[in-house]
Structures are given as C-alpha cells and as structure tokens.
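These are my notebook entries on a structure that I am reading for a new reader.

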Amino acid sequence: MKAIVYEDYGPPEVLKLQDVVKPVPGVGEILVRVGAAAVTTADGTFRKGDRFSIRLAFGLRRPRKRILGTELAGDVEAVGSGVTHFRPGDPVFAATGAAFGAHGEFVCLREDGAVARKPSNMTYDEAASLCDGAMTALPFLRDHGRVQRGQTVLVNGASGSVGSAAVQLARYYGAHVIAVCSTGNVDRVSALGADEVIDYTREDFTRRRGAYHVVFDAVGKSSFSRCKDALTDGGIYLSTVPTLGMFADMLWTRFFGSRKAVLALTGLRPPSAKRKDLCFLRELAETGRIRAVIDRRYSWEDSAQAHRRVDSGHKQGTVLLQMGA
C-alpha cells in the first residue's frame with residue numbers, strides 16, 4: 001500500500017510517498033481503507049521533533065512511528081476474528097491516538113477503540129474534519145469548562161479547526177458565545193452561530209473585566225495571567241497548549257483564588273471515552289447541530305504543502321489529505 005512516510009525529523013520536505021507493507025487485522029481489529037485524513041498541529045509538531053519530550057517518547061534520533069495522522073474517515077475493508085460490531089463496507093470515522101498511521105492507504109484499528117460509524121449526512125472529508133476539531137473541543141468545554149446555559153463563553157482562535165467546533169458546541173450547550181478571530185474570518189465565524197465576534201486587530205478581549213465564565217484559548221495565544229481579570233468570579237481559563245507557564249498556573253489556581261486555569265490532555269483519554277464522543281458527535285451532525293469546517297484539501301503528493309499550511313498557523317478549519325486523490 002502507499003503511505004506518507006518520514007524517516008527523519010525536520011521540515012515538511014522529510015515527508016515521502018512510499019510503498020509500505022499493508023497491515024493485516026488481528027483479533028478484534030478492523031482494517032480501514034482511508035478516504036480522508038486530517039493534518040493537524042500535532043502532526044506538524046511530531047514531524048519537527050524539536051521538543052525533547054517528543055523525541056524521548058517517539059525516538060531520540062529518528063521517529064519510531066513512520067506514518068503520521070490521527071484523525072480519519074473511510075470504509076472497513078476487512079475484519080479480524082472476533083469482530084462483531086463492524087463488517088466490510090461500513091463507513092467509519094476514527095481517531096488513532098498515539099498509534100498514528102492515518103496518513104496511509106490502510107490502517108488497522110481496534111474494534112473497541114476510538115472508531116464509530118460515519119455520520120450518514122457527511123462526506124469522508126467532513127467526517128475526518130469533525131473528528132479533528134470537535135474531539136478536542138468537546139471534552140474541554142463539557143468536562144473541564146462545564147459549559148451550561150446562561151454562561152458567557154469566549155473562544156479565542158475561533159476560525160481554526162478546534163475553535164470553530166468550540167463555537168458550535170458552546171452554542172449547543174446553551175451558552176452566550178463570543179468568538180475571537182481576525183478581520184477576514186468575522187463573517188464565517190458568525191455563520192457558525194457565535195452571538196458576538198471580536199476582531200482581535202481592533203479590540204483586546206481581555207479588557208472586558210469579569211465578562212466571561214469560560215475563556216477557551218483554542219490556539220494557545222493568550223495566557224491565564226492576561227485573562228484572569230476578564231473572568232467572572234469562579235471563571236475558568238482553558239488552553240489547548242501545554243507550556244510550563246500553564247502548568248504553573250494550574251498548580252497555583254488549584255489551591256489559591258476562585259478563578260482556575262485548566263489544561264486537559266484530551267488525546268490521552270481512554271479509547272472508550274473517545275468512542276462515546278464520536279457517537280455523540282455523529283448524532284449532532286445528523287441532526288444538523290454541528291458541521292465540519294474545512295480549510296483546504298490536498299492530494300497524497302501534496303502532503304508537504306499540507307504540512308506547510310498547518311505550520312503557517314493561518315488555517316481556517318481542518319487541513320485534509322484526500323487519500324484517494
């Protein structure tokens with residue numbers, strides 16, 4: 001089979017389209033033919049390998065996981081023994097987690113892992129996109145922000161894959177949603193259901209004192225220290241980016257003050273929890289309460305260009321690889 005492989009850490013040019021051994025599903029596994037896969041910020045981070053923690057976990061000199069990609073949609077090609085919930089031909093969407101492997105023609109997944117039937121009203125592109133942003137935003141807002149009706153939730157970085165999902169999910173939970181983005185994205189973010197959109201080139205959202213019950217920084221461009229005065233008493237600051245400062249803020253606010261800083265490593269949740277979230281998101285998609293936001297689509301041969309788009313920090317939704325293109 002064909003896959004996008006990298007043998008060394010580095011810039012997008014390290015990615016090569018190669019022939020590799022096709023995986024065979026084992027006991028309790030399904031083999032999925034990938035129709036579309038997301039290229040995420042995490043993919044870029046692991047490709048670069050410029051953090052010691054990444055090299056310590058995934059290979060000091062060279063990456064042990066040669067095929068990136070964690071969010072995908074496709075069709076079940078074959079099933080291993082003992083599989084009861086899926087059969088060949090079933091359309092699915094899934095998250096591979098630390099196993100990666102989605103940027104290949106085929107990938108094996110555990111039947112009891114983070115995999116569910118694809119929303120019936122979505123294309124493979126749309127399902128892979130939903131799996132990308134919403135699977136991060138959902139546990140942040142629901143489990144850690146405890147977003148509910150009557151609250152005011154601010155989403156910073158609302159035009160990205162995580163931010164665009166967060167706007168829709170916060171709206172679903174009944175919050176008054178204020179979204180922050182650049183001038184060129186105001187209209188598209190408004191169309192997602194935001195009650196108010198702040199153009200960050202014209203207004204600093206942190207200057208609104210005591211205005212937000214939850215600040216969800218989907219791009220890690222702010223900080224708890226900047227946002228704490230903008231939070232209500234008992235308010236929560238959420239960030240998707242793990243930094244030393246964020247860990248220090250979490251520790252401090254756990255014991256002192258009423259406003260809290262929270263960082264959640266959503267990718268490390270158990271596969272069973274992720275599977276439940278996929279089923280929940282499928283229901284939202286099929287009832288029209290959430291939609292996918294796609295930035296650009298690239299073919300296999302243009303994988304380096306897709307990574308450059310992600311590295312730029314200017315994507316507006318999910319960057320996709322169309323594996324059959």
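This is a predicted model: local features need pLDDT of at least 70, side-chain atom pairs count only at pLDDT 80 or more; totals for chains, interfaces and linings use all residues.

**Entry 1: a serine and its contacts**

I looked up S129 and noted that it touches A292, V293, I294, T318 and L320, where residues up to four places away in sequence are not counted and contact means heavy atoms within 4.5 Å. Residues are numbered from 1 along each chain as its sequence is written, and side-chain values use heavy atoms, with hydrogens and water left out.

I found S129 in helix α3, helices being DSSP runs of H or I with at least four residues, and strands runs of E with at least two, numbered from the N terminus. With a relative accessible area of 4%, S129 is buried, a word that I use for under 20% relative accessible area, against over 50% for exposed and in between for partly exposed, with a 1.4 Å probe and protein chains only.

**Entry 2: helix α8**

I checked the length of α8, whose 16 residues (271–286) should span 22 Å at 1.5 Å a residue, and its end C-alpha atoms are 22 Å apart, which agrees; the expected span is 1.5 Å times one less than the number of residues.

I then listed the buried residues of α8, which are K274, D277, L278, F280, L281, L284 and A285. They cover an arc of only 165 degrees around the axis, which puts them on the same side of α8, the arc being that of the directions from the helix axis to the C-beta atoms. Among the elements that cover them are β5 (91–95), β7 (115–117), α3 (124–144) and α4 (161–172).

I looked at F280 of α8 and saw that, at 18% relative accessibility, it counts as buried. F280 touches L138, Y172 and Y173, again leaving out residues up to four places away in sequence. F280 and L138 are 142 residues apart in sequence and 9.9 Å apart in space, C-alpha to C-alpha.

**Entry 3: α3 against α8**

I noted that α3 and α8 pack at an angle of about 105 degrees, with their axes 10 Å apart. The two helices are therefore roughly perpendicular to each other, a term that covers 65 to 115 degrees. The contact involves L130, C131, A134, M135, L138, P139 and R142 of α3, and K274, D277, L278, F280, L281 and A285 of α8.

How values were computed: Axes are lines fitted to C-alpha atoms, for helices over the stretch in contact, and angles run from 0 to 180 degrees between N-to-C directions. Angles under 35 degrees count as roughly parallel, over 145 as roughly antiparallel, 65 to 115 as roughly perpendicular and the rest as oblique.
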